[in-house]
Amino acid sequence: QRHRQSKEEATYGVWAERDSEEERPSFGGKRSRDYSAPVNFISAGLKKSAAEDMSEDDSDEDEKPVKQEEIPKEFVPKKLKTGGNFKPSQKGFVGGTKSFVDFGSWERHTKGIGQKLLQKMGYVPGRGLGKNAQGIINPIEAKQRKGKGAVGAYGSERTSQSLQDFPVVDSEEEAEEEFQKELSQWRKDPNGGKKKPKYSYKTVEELKAKGRINKQLSAPQKELSQVKVIDMTGREQKVYYSYSQISHKHNIPDDSPQQPLGKDSKPQGFALPELEHNLQLLIDITEQEIIQNDRQLQYERDMVVNLTHEIQKMSEVLSHEETAISNLSKVLEMVEECERRMQPSCENPLTLDECAKIFETLQDKYYEEYRMSDRVDLAVAIVYPLMKDYFKNWDPLKDCTYGTEIIAKWKNLLENDQLLSHSGQDLSTDAFHRLMWEIWMPYVRNIVAQWQPRNCGSMVDFLDSWVSVVPVWILDNILDQLIFPKLQKEVESWNPLTDTVPIHSWIHPWLPLMQARLEPLYSPIRNKLANALQKWHPSDSSAKLILQPWKDVFTPGSWEAFMVKNIVPKLGMCLNELIINPHQQHMDAFYWVIDWEGMISVSSLVGLLEKHFFPKWLQVLCSWLSNSPNYEEITKWYLGWKSMFSDQVLAHPSIKDKFNEALDIMNRAVSSSVGGYMQPGARENIAYLTHTERRKDFQYEAMQERREAENMAQRGIGMAASSVPMNFKDLIQTKAEEHNIVFMPVIGKRHEGKQLYTFGRIVIYIDRGVVFVQGEKTWVPTSLQSLIDMAK
């Protein structure tokens, strides 16, 4: 029957209200269930048929389910073996006494194929399935629970059938028993005997050791001691003010209700947790007192040791103080003795030597007291009057060493070692400096005021004898403030033209003492000397005598400038006037110039010769050679002029060039006059002369360079022994490196089979330890030093 949708159903859909009879029928034709009715559960097991109910009622009323507790223990094994509890002698299970007449009764309604199949497989009716007949015969029974509790709420749910077939103690029951044992363990021994109380014994030494360890551990944690800690582990919140309070927290008896007692356990007869707590508290307090007493005892022992050390120290200080008092009293006696002998009315007045001995005694025997005392005031009171009396008739210039020994002795006694003896000395801190400044210095001032600077010997001797005794700052004061102004004044009034005494005789003796202090005097001296040399002629040798002592006094630069300005022009003028005449030669002018060789530099002298001498000399040589000369006379003349120059001048490259030029002129003159008359043997003589001269030059150069190499090897100019030059080329390379000059071979260029090198901008080659430099026309042998000068 088709159900028609009502208007209400169309509006509200599934929420529409409908009567139960109007419910839409299901497709199966079954009646719909009422889900609002209360739920009915099947209480337990399977629903039994009427035949089974009848058979149950007819069965023995004595047959009741056997409870677990009623089964004898010997019939209850712990574990079930494979095959149940079956034995071959038995014909069934332990409890299997029931007849199996009705077993397989359903077969009568079928063809009995199942029974046949089972029998073919060895099944015996009335026994269980399996090889050992271990299978159950009866079907599983269901047991109804008493109420609506959960599984196991009402004890064991095993049926009598399961107990007969599988007589095994349930694991749940075992767990229950174990739980009950553990629950009642703290109340009563499960074995029934009384549990022996466990006692923990602590000796006093253990407690002390524990207290010391705790003390050591807690010592570094002092910062954490004052920390607020909130303990929320108990039932109530508790506040502690250090972590140590937590460790000392005691177990307080809990008020919570006790657990339900076990089945076999009995209530505890003597359970007083408060009393136990109090006893434990008393034990802890006693332990703490023992530990505290031990610590106090240790502290007292330490105090005893400390006080013993203090007593020892104090006794040492006391003995030291007593010694100091006795020493001071002796020093005071000595000083009072000195003061008594210093009085004018004293019969035995104190002398300076005796006073020095007294002070020596004070310094040797009572050194500490002497150093601590105010030596300045002591010396002012005692020594100064004696020192004034000692020096009252002293003339420093006549007896310059008078008093040096006694003053040196007083220097050792009075001078303060810790203070530096320089200018700006504080007189109030050093007795000796004050003594020299106030007693000795006035005599020196008086003498210097009357002293004449030209009579310098006595004053220099006086200061030389006192220089080791007088403090440095006082000596500086004498030289700067007293001596120098007088010397300056005397230099200003000095006139080199009128004064018969040379200035160096009264200035130079001051050089060892004054040294750089005399620098301001040199400039006016040079100016006055330059003015005096304006009308000077080189024939006057007195100028050299006056200037020579100043050569090493003036700085090299100022001396060279003075010479170039005042002396060299006069010498050049003198050389200009020199007439070179081989037949009648006047050498005076030449000698006047050569005399100044040590005074002026070699470069200045060479410059003079190149400019004023050699042009005239070479001109005379050329004119002589052009008039069919006697070559022997020319050779003698050449060698004679060459012998006039010193080796230092001859070694100069420019002078060598000039003499080599003269030899070249002679060689050309000999070789060019082919057609005319030629003196026999002239060419050979000139060639021999040239060869000899050049050979001498080579030997001299080689000797100089060997000497230089030896000196450099001895000095070891910053190089190891392995880097000493082994040959002449290595020496040149080393020199080039020292002077930052490029020295390298020219690739692909040779001269007479010798490798050419560049040395700076100069082209050279080396032959048998001689350096040849490329000149305008020929290769010229050159010394190593000259080569370096040319390269620079």
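**Close-up 1. Contact between helices α20 and α21 in the predicted model**. Met 563, Val 564, Lys 565 and Asn 566 of α20 come into contact with Val 568, Pro 569 and Lys 570 of α21 in this predicted model. Sorted by class, the residues of this contact comprise four nonpolar, one polar and two charged. Helix α20 spans residues 556-566 and helix α21 spans residues 568-577, and the two pack at an angle of about 40°, with their axes 4 Å apart. At that angle, α20 and α21 are therefore oblique to each other.

**Close-up 2. Packing of helix α23 with helix α24**. Helix α23, formed by residues 602-625, packs with helix α24, formed by residues 631-643, at an angle of about 170°, and their axes lie 11 Å apart. Because angles over 145 degrees count as roughly antiparallel, α23 and α24 are described as roughly antiparallel to each other. On the α23 side the contact is made by Phe 613, Trp 617, Val 620, Leu 621, Trp 624 and Leu 625, while α24 contributes Tyr 631, Glu 633, Ile 634, Trp 637, Tyr 638 and Trp 641. The residues of the contact of α23 with α24 divide by class into eleven nonpolar, no polar and one charged.

**Close-up 3. Cysteine residues Cys 456 and Cys 622**. Cys 456 is buried, its relative accessible area being 6%, whereas Cys 622 is partly exposed, with a relative accessible area of 36%. A search covering the whole structure finds zero disulfides.

Conventions. Residues are numbered from 1 along each chain as its sequence is written. This is a predicted model: local features need pLDDT of at least 70, side-chain atom pairs count only at pLDDT 80 or more; totals for chains, interfaces and linings use all residues. Side-chain values use heavy atoms; hydrogens and water are left out. Axes are lines fitted to C-alpha atoms, for helices over the stretch in contact, and angles run from 0 to 180 degrees between N-to-C directions. Angles under 35 degrees count as roughly parallel, over 145 as roughly antiparallel, 65 to 115 as roughly perpendicular and the rest as oblique. Contact means heavy atoms within 4.5 Å. Ala, Val, Leu, Ile, Met, Phe, Trp, Tyr, Cys and Pro count as nonpolar, Asp, Glu, Lys and Arg as charged, and the others, Gly among them, as polar. A disulfide is a pair of cysteine sulfur atoms within 2.5 Å. Buried means under 20% relative accessible area, exposed over 50%, partly exposed in between (1.4 Å probe, protein chains only).
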